[in-house]
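Please have the sequence and the model open while reading.

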Amino acid sequence: MTPGVLLMAHGTPERLDDVGEYLGFVMQKRKPTPGFIEEVRERYRQIGGKSPLTDITRRQARDLQDWLGIPVFVGMRHWWPFIQDAVAE
């Protein structure tokens, strides 16, 4: 077995159209209302349509992999790629 690193983050939707599905993952005990989904979608719209979190995490993974010389995988708690998918890789 080859050693590797799993770099994890909370996760964030990639597009405005993903906000409702993303909130469904985050709010598992109570379904988000259409009004709340639109409110959060507007917040993402105000920052350019998506959070920089995923891009930053992927960049960190590439840099860490270059530095360590071993595979670094990215897994998100509430969005793709999910942690369990990264572990399976």
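Against which helix do the buried residues of H1 pack? The buried residues of H1 pack against H2.

## Basis of the model

The model is predicted, with local features needing pLDDT of at least 70 and side-chain atom pairs counting only at pLDDT 80 or more, while totals for chains, interfaces and linings use all residues. Residues are numbered from 1 along each chain as its sequence is written, and side-chain values use heavy atoms, without hydrogens and water.

## The buried face of H1

In H1, the buried residues are Val 19, Gly 20, Tyr 22 and Leu 23 (buried means under 20% relative accessible area, with a 1.4 Å probe and protein chains only). Viewed down the axis of H1, these buried residues fall within an arc of 160°, so they line one face of the helix. The arc is taken over the directions from the helix axis to the C-beta atoms.

## How H1 meets H2

Helix H1 spans residues 19-26 and helix H2 residues 34-46; their axes come within 9 Å and cross at roughly 115°. Helices are DSSP runs (H or I) of at least four residues, numbered from the N terminus. Axes are lines fitted to C-alpha atoms over the stretch in contact, and angles run from 0 to 180 degrees between N-to-C directions. H1 is therefore roughly perpendicular to H2 (65 to 115 degrees).

On the H1 side, the contact (heavy atoms within 4.5 Å) is made by Val 19, Gly 20, Tyr 22 and Leu 23. H2 contributes Phe 36, Ile 37, Val 40, Arg 41 and Tyr 44.

## Thr 54 in H3

Thr 54 is found in helix H3, residues 53-68. Thr 54 is buried, with a relative accessible area of 2%. Leaving aside neighbours within four places in sequence, Thr 54 is in contact with Thr 12, Glu 14 and Met 76.

Technical notes: Helix = DSSP H or I, 4+ residues; strand = E, 2+ residues; numbered from the N terminus. Parallel < 35°, antiparallel > 145°, perpendicular 65-115°, else oblique. Buried < 20%, exposed > 50% of the residue type's maximum accessible area, 1.4 Å probe, protein only.
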